[in-house]
Amino acid sequence: EPGAPGKARTVELTRNAMTAPDVTTDDLLQSELEDAARVVADGGVVAYPTEYCFGLGCDPRQAAAVSRLLKIKRRSRDQGVLLIAGSVGQLRQVLHPDVFGPRHALLDEAQATWPGPVSWVLPAHPRLSAWVCGTRDTVGVRVTRHPVARALCRTCAVPLVSTSANHHGRQPARTPEHIDLLFGDAVDYVVRARVGGAHGPSELREAGTGRILRAAASDGRAA
């Protein structure tokens, strides 16, 4: 069944569906995205392309799924994880309600960079688990500009965990074949599309101060 541990699933693209950096989802069938979304809804862990590398993802509202993802990645729970969304509206599920209140300068600052190359650390929704936030009450989020990742978020109808597809501290996977080699059956579903043309991970900023917590890649593109 979709999402069952130990059973890898793949979404195939037609031969020329994706080119980097100008990727497109025109040939990615909606039915296949729905299959991937079912795996996420069932608590599974998926691998999918972003602008720089493959990401490991799951539903951030399901603590057991996030815990399993961190074990696959060999990453400490204390560090927290980034989330990506298909739209600003989706972020209502993971950001504190005050972020969307009458005084929403923090969100305005972030929206000016979306969809695109900057992730912002914003106040987390109180119900978001410590598996996502780590030791903080904030969470890093962005609206991704990679069309496959964005379409997957929209099909899932929830933001997705987006942490680089690697064992912590190692180089991230940039091809589906590398995902297979690194993780085997530990990942339930692999979206076999190409990553974009970025040279490094996205910039990370602190909302309110604008402080850069992680510098952008030299070409300004994001993962």
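**Ground rules.** I am looking at a predicted model, in which local features need pLDDT of at least 70 and side-chain atom pairs count only at pLDDT 80 or more, while totals for chains, interfaces and linings use all residues. Residues are numbered from 1 along each chain as its sequence is written, and side-chain values use heavy atoms, with hydrogens and water left out.

**Helix H6.** I looked up H6, residues 176-183, and noted Pro176, Ile179 and Phe183 as its buried residues; helices are DSSP runs of H or I with at least four residues, strands are runs of E with at least two, and both are numbered from the N terminus. Buried means under 20% relative accessible area, exposed over 50%, and partly exposed in between (1.4 Å probe, protein chains only). The three cover an arc of only 50° around the axis, which puts them on the same side of H6; the arc is that of the directions from the helix axis to the C-beta atoms. On the other side of H6 I found Glu177 and Leu181 exposed.

**Salt bridges.** I counted a salt bridge where a side-chain nitrogen of Lys or Arg lies within 4 Å of a carboxyl oxygen of Asp or Glu, and the structure holds 6 of them. One of them joins arginine 192 to aspartate 180, with the closest N and O atoms 2.5 Å apart. Arginine 192 lies in strand S9 and aspartate 180 in helix H6, so the pair ties together parts that are 12 residues apart in sequence. I noted arginine 192 as buried, at 18% relative accessible area, whereas aspartate 180 is partly exposed, at 34%.
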